[in-house]
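Visitor: Hi! Could you walk me through this protein? I'm new to looking at structures.
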Amino acid sequence: MPEIGEVARIVHFIRKHLVGKTLAIVKAQHDEIVFGKVGTSAAEFEKSLTGKKVIDARQQGKYFW
């Protein structure tokens, strides 16, 4: 589990470099802990995000979205 400072740094990086841009290529490594619990896969995740525009990045504690 990341520390709060690490999550804040990631959110800052996303806001600075990705907000307002469209995701042309998305790569995700399959992980049962991450994708298995919600019944999806890394390939489905990649497909659903490709071509989407990043509009913001936020955090609550150690979680970011």
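Visitor: Is Ala57 buried or exposed?
Guide: Ala57 is buried, because its relative accessible area is 1% and the cut-off for buried is under 20%. One thing to keep in mind as we go: this is a predicted model.

Visitor: Where does Ala57 lie?
Guide: Ala57 sits in the loop between α3 and β1.

Visitor: And what does Ala57 touch?
Guide: Leaving out residues up to four places away in sequence, Ala57 touches Val11, Ile14, Arg15, Val19 and Trp65. For a sense of distance, take Val34: its C-alpha atom is 19 Å from that of Ala57, and the two are 23 residues apart along the chain.

Visitor: Which residues make up the largest nonpolar core?
Guide: That core has five residues, namely Val7, Val11, Ile14, Val54 and Ala57. As a general point, nonpolar side chains in soluble globular proteins tend to be buried together.

Visitor: Let's look at α1. How many residues does it have?
Guide: Helix α1 covers residues 4–17, which is 14 residues. From its first C-alpha to its last it reaches 20 Å, close to the 20 Å expected at 1.5 Å a residue.

Visitor: Which residues of α1 are buried?
Guide: Val7, Val11 and Ile14 are the buried ones in α1. Looking down the axis of α1, these buried residues fall within an arc of 60°, so they line one face of the helix.

Visitor: Why would residues three or four places apart point the same way?
Guide: It comes from the turn of the helix: an α-helix has 3.6 residues a turn, so residues at that spacing point the same way.

Visitor: What's on the other side of α1?
Guide: There you find Gly5, Arg9 and Lys16, which are exposed.

Visitor: What covers the buried residues of α1?
Guide: The cover includes β1 (59–60) and β2 (63–64). For Val11, contacts beyond its neighbours within four places in sequence are Ala57, Arg58, Gln59 and Phe64.

Visitor: Tell me about Phe64. Which strand is it in?
Guide: Phe64 lies in strand β2. Its relative accessibility is 40%, so Phe64 counts as partly exposed.

Visitor: What does Phe64 touch?
Guide: Not counting residues up to four places away in sequence, Phe64 touches Val7, Ile10, Val11, Ile14, Arg58 and Gln59. Leu23, by comparison, is 18 Å from Phe64, C-alpha to C-alpha, and 41 residues away in sequence.

Visitor: New topic! How many aromatic pairs does the structure hold?
Guide: It holds one aromatic pair. The rings of Phe35 and Phe45 have centres 5.6 Å apart and planes at 55°, so the pair is tilted. Phe35 is in helix α2 (residues 32–35) and Phe45 in helix α3 (residues 42–49), so the pair ties together parts that are 10 residues apart in sequence.

Visitor: Okay, zooming out. What pattern does the protein follow along the sequence?
Guide: Read along the sequence, the pattern is α-α-α-β-β, from three helices and two strands.

Visitor: How much of the protein is buried?
Guide: Buried residues make up 14% of the 65 residues. The protein exposes about 5,400 Å², and carbon and sulfur atoms supply 59% of that.

Key: Residues are numbered from 1 along each chain as its sequence is written. This is a predicted model: local features need pLDDT of at least 70, side-chain atom pairs count only at pLDDT 80 or more; totals for chains, interfaces and linings use all residues. Side-chain values use heavy atoms; hydrogens and water are left out. A nonpolar core is a set of buried Ala, Val, Leu, Ile, Met, Phe, Trp, Tyr and Cys residues joined through side-chain atoms within 4.5 Å. Buried means under 20% relative accessible area, exposed over 50%, partly exposed in between (1.4 Å probe, protein chains only). Contact means heavy atoms within 4.5 Å. Helices (H or I, at least four residues) and strands (E, at least two) are DSSP runs, numbered from the N terminus. The expected span of a helix is 1.5 Å times one less than its number of residues. The arc is that of the directions from the helix axis to the C-beta atoms. Rings of Phe, Tyr and Trp (its six-membered ring) pair if their centres lie within 6.5 Å; planes under 30 degrees apart count as stacked, over 60 as edge-to-face and the rest as tilted. Accessible areas come from the Shrake-Rupley method with a 1.4 Å probe; for residues, only the protein chains shown count as cover.
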